[in-house]
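Work through the exercises below with the structure open beside you. Try each task before reading its solution.

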Amino acid sequence: MWYYIKWTIWLLLIAMIGTFLHYTLPRNDVVRITDTYEKRVDFGDNSIFWANSNTGESTEVTGRDVFFIQAFRPNGNPIIYRNEDTGWGWPPYFKFNTSNLQAHATDLQSSEDAPRWVAVKKYGWRMQYLSIYPNAISVKLVDGPDTRVIPWISISILVVLGCIWLAIWSRWRKFRAKRIDPLLDGE
Amino acid sequence: MFALARLVLILFVVLTIVYVSLSLYSRAVRRDKLEAEWDEEGQSGDREAFVRDGLEDYDQSLRRKLILGVYVVPILLIGTIIYFTNYN
């Protein structure tokens with residue numbers, strides 16, 4: 001019984017950390033940008049999935065205009081990105097150049113007949129049921145739809161996190177073996 | 001500016017916790033090492049004084065000052081991220 005409870009808690013914890021990292025870490029899409037626009041968004045239950053960056057503008061409002069980038073994947077499926085400042089807040093991308101990025105994205109628009117493929121670095125999820133969009137961090141022209149962008153930043157962050165985890169874990173085990181287990185055995 | 005102030009405050013609190021924990025841990029490790037060294041070499045005299053001298057040397061060492069990197073590294077990291085996100 002205790003065994004199952006223990007493993008359920010561990011699995012839940014790992015799933016939560018994994019979900020959090022999957023949402024937060026940067027990933028790359030190779031897409032074709034077809035349009036850029038801005039749309040008023042009134043935040044509701046999904047407000048946690050929108051940046052509330054406070055880069056000089058009011059944060060008291062419940063709705064504002066948000067930049068969007070509309071694109072197609074090589075397989076023909078549409079994907080829409082939002083383009084918002086993250087400012088000094090979470091996640092720590094320190095993105096302040098939303099308007100510049102929108103200008104670049106608009107510049108890279110192309111049609112199906114003469115496609116220009118663009119690597120969009122983004123974090124977040126597209127989820128239609130909650131009306132949430134990944135946040136675009138940068139756009140870069142690439143050679144073709146098959147270009148593979150290696151996510152070095154995510155790899156480095158995961159390696160560093162793994163090292164920190166190992167360092168703490170090994171010390172905790174040593175501490176437990178030396179200080180806690182003898183106490184429990186004595187009972 | 002409120003957002004920046006909040007970030008600085010949170011960073012300061014978190015990094016101070018890390019700094020204090022690391023300092024205490026590092027000093028404890030050094031103490032263990034000094035005690036082990038004393039026991040191994042079977043020296044005679046005051047064990048306490050030997051450990052205290054060793055820890056005083058440690059307090060002045062570069063190794064201890066390197067722990068200040070806990071504050072320096074994140075600040076450099078933030079600067080780097082800001083540069084690469086916005087100006088590159």
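**Exercise 1.** Decide whether Ser131(A) is buried, partly exposed or exposed. Then place Ser131(A) in its chain and describe its backbone.

*Solution.* The model is predicted. Start with the count: Ser131(A) has 14 other C-beta atoms within 10 Å. A residue needs 20 or more to be buried, and 12 or fewer to be exposed. Ser131(A) is therefore partly exposed. Next, the location: Ser131(A) sits in the loop between β4 and β5 of chain A. Last, the backbone: phi of Ser131(A) is near 55°, a positive value in a residue other than glycine. Most residues other than glycine have a negative phi.

**Exercise 2.** Examine the loop between β3 and α2 of chain A, where Pro91(A), among others, is found. What kind of peptide bond joins Trp90(A) and Pro91(A)? Are Tyr93(A) and Phe94(A) buried or exposed?

*Solution.* Take the peptide bond first. Omega is about -10° between Trp90(A) and Pro91(A), and the bond is cis. Most peptide bonds are trans.

Move on to Tyr93(A), which lies in this loop. Tyr93(A) has 23 other C-beta atoms within 10 Å, so it is buried. Phe94(A) belongs to the loop too. Its count is 22 within 10 Å, so Phe94(A) is also buried. Phe94(A) is not a glycine, yet its phi is positive, about 50°.

**Exercise 3.** List the contacts of Tyr93(A), leaving aside its neighbours within four places in sequence. Then describe the side of chain B that touches chain A.

*Solution.* Tyr93(A) is in contact with Thr86(A) and Ile137(A) in chain A, and with Ile81(B) and Thr85(B) in chain B. Now widen the view. Nine residues of chain B contact twelve residues of chain A. On the chain B side, α1 (2–41) and α4 (69–86) are the elements that give two or more residues. The largest share, five residues, comes from α4(B). Sort that side by class: seven residues are nonpolar, two are polar and none is charged.

**Exercise 4.** Describe how α1(B) and α4(B) meet.

*Solution.* Two packed helices are described by the angle between their axes and the distance between the axes. Here the axes of α1(B) and α4(B) come within 9 Å and cross at roughly 140°. Next, name the residues. α1(B) brings Leu11(B), Leu15(B), Val18(B), Tyr19(B) and Leu22(B), while α4(B) brings Val70(B), Tyr71(B) and Pro74(B). By class, this contact has eight nonpolar residues, no polar ones and no charged ones.

**Exercise 5.** Which elements of chain A each supply at least two residues of the largest nonpolar core?

*Solution.* The core has 19 residues. Those with the most contacts inside it are Ile33(A), Ile69(A), Tyr81(A), Val120(A), Ala136(A) and Val139(A). The elements asked for are β1 (27–42), β2 (63–72), α2 (98–107), β4 (118–123) and β5 (135–141) of chain A. β2(A) gives the largest share, four residues. Look closely at Ala136(A): its contacts beyond four places in sequence are Ile69(A), Tyr81(A), Asn83(A), Leu101(A), Val120(A) and Lys122(A).

**Exercise 6.** Check the length of helix α1 of chain A, residues 2–24.

*Solution.* The helix has 23 residues.

How values were computed:
Residues are numbered from 1 along each chain as its sequence is written. Chains are lettered from A and ligands numbered from 1 in the order in which they are written. This is a predicted model: local features need pLDDT of at least 70, side-chain atom pairs count only at pLDDT 80 or more; totals for chains, interfaces and linings use all residues. Two residues are in contact if their C-beta atoms, placed from the backbone, lie within 7 Å. Ala, Val, Leu, Ile, Met, Phe, Trp, Tyr, Cys and Pro count as nonpolar, Asp, Glu, Lys and Arg as charged, and the others, Gly among them, as polar. Axes are lines fitted to C-alpha atoms, for helices over the stretch in contact, and angles run from 0 to 180 degrees between N-to-C directions. The expected span of a helix is 1.5 Å times one less than its number of residues. A nonpolar core is a set of buried Ala, Val, Leu, Ile, Met, Phe, Trp, Tyr and Cys residues joined through C-beta atoms within 7 Å.
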